Amino acid sequence: MKRKVLCALFLMIIYFYCGQGVAAAEKGADKIPKGAIQIEGLFTSPNGSGIQVNNINDPSQNGGFPYTELKLSGRSNWVSVWSESTYRLDFTKSFNGRAYVNFGTTKADGFAFVMHNDPNGRRALTTENNESTDGQNLGVYGAARSSKSGFLGTTLHTPEEGAIKNSVAVEFDLYANRGDTSVYDVRESNGPHVAYSFPGNLEKGYQAVGPGLADEGWWFTGLLKETRNARIKHYQTYSLPGILGDRIQDGTWYEFIYSFETGTKSFSYQLRNPVTGKATPIVKIPWADLNQELKLATNGYKAYWGFSAANGIFQGETAFVFTQVPVELSGEVKSDVVLKDGTGQESSVVVAETDELGSVFVSSDDSVSLKSTFSVRGELPYEVSQWNGIVEAGIVENEGEEVLISYIRRNGAGAVIGSTQHKSAILDVDGQIKVAFNPGELRLLSGESVEFFIDNIKIRRFVNNHFKTNFMSYIEGRELSSVSNFQSFFSLPAYFWVNAEDRRAELSWTPQNSVKEKELITSGTDVLTIPFYWKDPDTGDSLNFVLAKEGGAVIDTWGATALGSESFVAASLTIPQERLEQGQNVFTLDVYNSELLPSFSQDQIILIVNVPQSAQVKVEFINEENQVMSGYTLTIGEGQTIDTALNVGDVIDLTSSEFQAIQDQLAALETAGYEINVRPEHETNFAITEPAQTVTYKVAGQLFLKSAPSTVDFGSITYNAKVQRVDNPSTDGDLVITDTRANQADGWTLYAALTTNMKNEKTGSVMNEALWYVDSAGEEFALTVESGNQPIYTNASGGTFAVTDTWGDTPTEPGLKLIADPTKTTVSSIGTYSGVVTWTIMAGQP
């Protein structure tokens, strides 16, 4: 079953009489200003009688956009309408709301903007409805006085009992109740006023009034418990006539604006005349009162919101129309107007509704792009049935013509889905564009969006007039569910100024085409005189040319008078030599209308002047610890270690003979024991882009045996059947270790291993335990095949070290020793014995 819902653009026309004389000239808007919206599903059905919900599509109202009007009329009516529970105000987030109100022309009691957490929720409404006394409660307050009931009147009642509970109300009271039985406004001025109060709180919302209309401190007095009249405790009361207009009940429209800021926890509101801009002072309701009265902490910091109204014995009409709702809907539409400037850069020309003409505007004959973005915020998919856009009639030249509407879908991350699609439609004489979609043609999932844009919308030529206009768009369609509710979503108006008197001047570097950038190279020693071209289709415009260097320093200004030509006119600019620096110099030339918006550049061209800039390149050699190796660095440049002049912009080959010193340095490093690991990227075509640059070669140090003797000769000994030793063998080379590593903290260890026994090849006799080594501590140990690698020397410093330089000639001095023991020789000691010792170098120490 399809549920009938209220649209949130409602006019609550309740014309109220305020007893004033003939209406004066200063009043609100005669028609609903453009921006009223239609929102389905936002409100529940109304409570009470005498209320009408009207969907209106009148080309003379609201710029031709449809909207929904809520109207109350007739006597003895108490009504309210509240948001659906899913659209309650959320006080954990900032929000803004706007509505237009019409106070009518004849007697009526008034209405109130109400926030509440009444137990009746969407059905909350005052229970007090006495025609004679309760029109003053505006549908939200309680009784006109305290009362008694029950046997002998023993049950006592105070006024707030019949009110909407847990509520805060901003009342628009159009009748001053100051009589004998209706005294709500006895302390207020005679006439319409706006104020806020707390209808459900006896202490903060009501004051007992006794005889002579004096305030009293009790609601019941004496043995008979006499009752008392009630007046409302108003907060921040302002009389409306005189502030907004000469006569508020003049049948015109005024704007109610309200907002909540989470940072300051401040709810504020004001009433504004959209024609004159006059407004009541901004009123702020303290957070402590909001939190307490609405019981936010126990309601998830949410509250129902809406309107209540009443007519007692009067029959006037009142009206409400929304332009912005304070809750996040399941869809959002945003409109934009985009202009390309003289450089081809796109920028929005949208301004605030209240902004005066400034530097952002559209000129006559400009072409703009109209853009509209619809985003699905709800959980359900949405099927678009029609997109609608509207500009004010008579503003653009495309009226009555077919225009191309392009659109593209995006996912929640903003990535494009599919390709750009196109549809054609007529931009009619009323400025409206309507694009229909077939079922299933344009469906969006939750989080997705669709962007519509229409290019080449040309502004008409206007004379002697500047004005602000706007573009709006809205979406029609339905949420895809079992119910498939039809919902429309409206954008706020995208306001923009039309500067109707001036067509923009244009600059170029060539007379044929519009060229906006020029680059050249110069020595920087002479004054530069450069030709440029300009045109202005308006005759008599007073133009001002401003030449400046990047950063804002003005170099020169001069004037010219437009000749009304569509062709470019030749001119020239001059740049003094002192304004040129080595490297890249960027200059801009702007043209301004010195009489109209003299601070707004109508066009700009850019000149880039490159002056050769001397440069130096430092060549560094970096070890494996990323440390610059001392003593190896070279510098290329005029007068440097490699004396070659360089300029920014040069490209050099570091491997060429011109830079042989680099290759010589690399060779020296390799000779010293370093390995070249990484050469510079683009070594053969290295670009000089800055005055001072550094290029690096990465090398790695090594630990290695630089040399070792191939023969250690123990000479000859005469066999005597006794143990004999040789402590001073001769070598044919040195045992040398080189360590060029960057990190040498752990040092290194040299190992010796007998890999082939001392053996007489002729007889096959083996001399066991013949080779011994004495280390630096004087310890002596045998080198045998079975013992394998044995550490013979450790070192904790880098560089090159000859171990054989430590060998001595005595049994206690370090070195390789021979001990010939006949008892350990397998056959005969006589003959030539030889063996093999393997030297191994390893990082670290045992």
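A salt bridge here is a side-chain nitrogen of Lys or Arg within 4 Å of a carboxyl oxygen of Asp or Glu. Under that cut-off, the side chains of Glu255 and Arg98 pair up, N to O, at 2.9 Å. Before going on, the ground rules. This is a predicted model, where local features need pLDDT of at least 70 and side-chain atom pairs count only at pLDDT 80 or more, while totals for chains, interfaces and linings use all residues. Residues are numbered from 1 along each chain as its sequence is written, and side-chain values use heavy atoms, with hydrogens and water left out.

Back to that pair. Glu255 sits in strand β16, residues 253-261, and Arg98 in strand β5, residues 95-102. Strands are DSSP runs of E, at least two residues; helices are runs of H or I, at least four; both are numbered from the N terminus. How buried is Glu255? Its relative accessible area is 0%. Buried means under 20%, exposed over 50%, partly exposed in between, with a 1.4 Å probe and protein chains only.

Two others, quickly. Glu293 and Lys204 meet through their side chains at 3.0 Å, N to O. Glu293 is in helix α2, residues 287-293, and Lys204 is in helix α1, residues 202-205, so this bridge ties together parts 89 residues apart in sequence. Both Glu293 and Lys204 are buried.

Next, Asp727 and Arg725. Their closest N and O atoms are 3.0 Å apart, in a salt bridge. Asp727 is buried at 9% relative accessibility. Arg725 is partly exposed, at 34%.

Last stop: Thr740. Where does Thr740 lie? In the loop between β53 (736-739) and β54 (748-760). Thr740 is buried, at 9% relative accessible area.

Now its polar contacts. That term means a pair of N or O atoms within 3.5 Å; within protein, one must be able to donate a hydrogen and the other to accept it, and residues adjacent in sequence count only if both atoms are side-chain atoms. The Thr740 side chain reaches the backbone nitrogen of Gln702 at 2.7 Å. A polar atom of that side chain also lies 2.9 Å from the backbone oxygen of Gly673.

Contact means heavy atoms within 4.5 Å. Neighbours within four places in sequence aside, Thr740 is in contact with Ala672, Gly673, Tyr674, Gly701 and Gln702.
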